[in-house]
Amino acid sequence: MRQVEQKPLVEAIRLTKTYRGALFSHNDIQAVREVSLKIAPGETLGIVGESGCGKSTVARLLMGLEKPTSGVVLFQNVRIDCLPERKLRPIRSAFQMVFQDSGSSLNARKQVFDILREPMLYHKTVSAQEAPTRIDELLSMVGLPPETKYRYPHEFSGGQRQRICIARALSLQPKLIILDEPVSALDVSVQAQILNLLRDLQDTLGVAYLFIGHGLGAVHYISHLIAVMYRGRIVEYGDSEELFRHPAHPYTKALLDAAPATDFSQRNAPRVLLTGEASGDADEGGCDFEKRCPFACAACRNRPYELRPVADGSRHLASCRLAAEL
């Protein structure tokens, strides 16, 4: 993939989000723990991990939809995590979100024309007279005929509805789009079409993406950098190709090995298998993955969590003592 600028468009510094436990419970839930990341203009950062690992919570924190318990969110060097809503509202058009369920994301009672026009008029990016022409442009950009603007969401397939959601996100000319599992509910062939569309739009418009997914395949295909999350923390971070070919954390290796092997000769190759489930309770010190890791030893229980370069000077980081050996 092409090289991109390194000056951050958005930056998160030691983000932590803690939710209060259930009624009469004294156990708080740490959904995100000490997460730091950067996204440059025109760059795609992929976040991958199991359900409940904190991926979507990170997205909501970056969008300003939730306030972090601690940490900082910078958007174009402006701290937005502590801004009141009245000051955050003018900035919101610069970052948009595309959700997994395109059906519930679109108002079933409105035509596509109104779905696309209303945010543009609200944020005053176009006039009422310019809106029809802009809507035709947006539909063409996402591969839909302009005449479909007078149809309702239920008249489209799942892939077409997701294209409409992408067009709506693009309507405000954002600098960052957060894609929260945008292809996981689609057929495999449609997934490829949407991923190719997103890459083409990024090349044309220079928009940055935060791409959230379960599987490393789709995340690897579209991302420049990948962050692997486990129990609210980033356990591995690095260049997409490097991380995909040389995973340095056993959890990343397990995610890769969970996918069916396309090369028949590799189907009997040794794989990292996970046992048990990720606990919701935070450990005090030591490796969070130790109880499920086939390579764990006594030292892992007391080893402090720390992302370290896999090799000297490398951008590839992992929080495992075996990082250089896997």
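**Close-up views of a predicted model**

View 1. Just after H1 comes Gly64, which takes a positive phi of about 80°.

**View 2. Four strands form an open sheet**. The strands follow the order S2-S1-S4-S5, and their pairing is antiparallel. Strand S2 (29-39) and strand S5 (78-79) are the edge strands, each of which pairs on one side only. In general, strands of a sheet pair through backbone hydrogen bonds, either parallel or antiparallel.

**View 3. Strands S4 and S5 pair over two bridges**. Strand S4, which covers residues 70-75, pairs with S5 in the antiparallel sense, and here Phe75 stands opposite Val78 in S5.

**View 4. Met229 is a buried residue** **in strand S9**. Strand S9 covers residues 225-230, and within this strand Met229 has a relative accessible area of 1%; it therefore counts as buried, for which the cut-off is under 20%. Leaving aside residues up to four places away in sequence, Met229 touches Val35, Ile47, Val48, Gly49, Cys53, Gly54, Lys55, Val58, Ile234 and Tyr251. Met229 and Val32 are 197 residues apart along the chain, while their C-alpha atoms are separated by 9.4 Å.

Notes. Residues are numbered from 1 along each chain as its sequence is written. This is a predicted model: local features need pLDDT of at least 70, side-chain atom pairs count only at pLDDT 80 or more; totals for chains, interfaces and linings use all residues. Side-chain values use heavy atoms; hydrogens and water are left out. Two strands pair if DSSP finds at least two bridges between them. Buried means under 20% relative accessible area, exposed over 50%, partly exposed in between (1.4 Å probe, protein chains only). Contact means heavy atoms within 4.5 Å.
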